[in-house]
Each structure stands twice: as structure tokens, then as C-alpha cells.
Amino acid sequence: MLQNTPQKTSVAVALSGGLDSLMSAWLLQQQGYKVMGIHAKFIAKASSDDALQKACDFLNLPLHILD
């Protein structure tokens, strides 16, 4: 049986906007995974949305925001 290698595996990481989830996404990228960030909004425009987008841009991490 063939086993997926990290370079061929996509991973979605739930991003809260804090350092822990961003670090997890970065570590997965460093291991060769194709990482996508997902952030769920439960309140109207949160101030962390802009900071989270900037962090994801810096990490070259696609961010999908669910409202």
C-alpha cells in the first residue's frame, strides 16, 4: 500500500488568530504539508481579522474566513 508523503498531503488548520494555531500551521508547512487556514467568525467584524490576514500573508498561507 502506498503511503501519502507530506509533500502530497493537504491540511486545513483552524486558526483562532492566536500564536498557537499560527505556529501549528507554520510547523506543518516546514514539514512539507500544503496548508490552508480556516477561521470562523462568530461576531461582527473582529479586530483580529486584519491581523490574522497579515500573518497568513506573511506565511504565504491561504486563509478562508467562514461567517
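Author: Let us begin with accessibility: buried means under 20% relative accessible area, exposed over 50%, and partly exposed in between (1.4 Å probe, protein chains only). A51 has 48% relative accessibility, so A51 counts as partly exposed. This is a predicted model, in which local features need pLDDT of at least 70, side-chain atom pairs count only at pLDDT 80 or more, and totals for chains, interfaces and linings use all residues. Residues are numbered from 1 along each chain as its sequence is written, and side-chain values use heavy atoms, with hydrogens and water left out.

Reader: In which element is A51 found?

Author: Helices (H or I, at least four residues) and strands (E, at least two) are DSSP runs, numbered from the N terminus. By that rule, A51 is found in helix α2. The C-alpha atoms of A51 and G17 are separated by 7.7 Å, although the two residues are 34 apart along the chain.

Reader: How many helices and strands are there in the protein, and what pattern does the protein follow along the sequence?

Author: The protein has two helices and three strands, and their pattern along the sequence is β-α-β-α-β. Of its 67 residues, 24% count as buried.

Reader: How should I read the pairing of the strands?

Author: Strands of a sheet pair through backbone hydrogen bonds, either parallel or antiparallel. Here two strands are taken to pair if DSSP finds at least two bridges between them. In this model, three strands form an open sheet in the order β1-β2-β3, with parallel pairing. β1 (10-14) and β3 (63-66) stand at the edges with a single partner strand each, so one side of each has no neighbour in the sheet. Neighbouring strands of this sheet are turned by 25 degrees against each other on average, direction ignored; axes are lines fitted to C-alpha atoms, for helices over the stretch in contact, and angles run from 0 to 180 degrees between N-to-C directions.

Reader: How many bridges join β1 to β2, and how many join β2 to β3?

Author: β1 and β2 are joined by five bridges; in β2, M36 is the bridge partner of A12. Strand β2 (residues 34-40) is joined to β3 by four bridges, and there L63 of β3 is the partner of G37.

Reader: Which strands does α1 touch?

Author: Contact means heavy atoms within 4.5 Å. Helix α1 packs on the sheet and touches β1 and β2, and its direction makes about 170 degrees with that of β1. β2 has a covered face, made up of V35, G37 and H39, and an uncovered one with K34, M36, I38 and A40.

Reader: Which residues make the nonpolar surface patch?

Author: Like charges are joined within 9 Å, and nonpolar side chains (Val, Leu, Ile, Met, Phe, Trp, Tyr) within 5 Å. M23, W26 and L27 make a nonpolar patch of about 270 Å², accessible areas coming from the Shrake-Rupley method with a 1.4 Å probe, where for residues only the protein chains shown count as cover. W26 is found in helix α1 (residues 19-30) and, at 33% relative accessibility, counts as partly exposed.

Reader: Where is N60 placed, and is N60 buried or exposed?

Author: N60 is in the loop between α2 (48-58) and β3. With 66% relative accessibility, N60 counts as exposed. Although not a glycine, N60 has a positive phi of about 55 degrees.

Methods
Patch = residues over 30% accessible without salt bridge, like charges linked within 9 Å, V, L, I, M, F, W, Y side chains within 5 Å. Salt bridge = Lys/Arg side-chain N within 4 Å of Asp/Glu carboxyl O.
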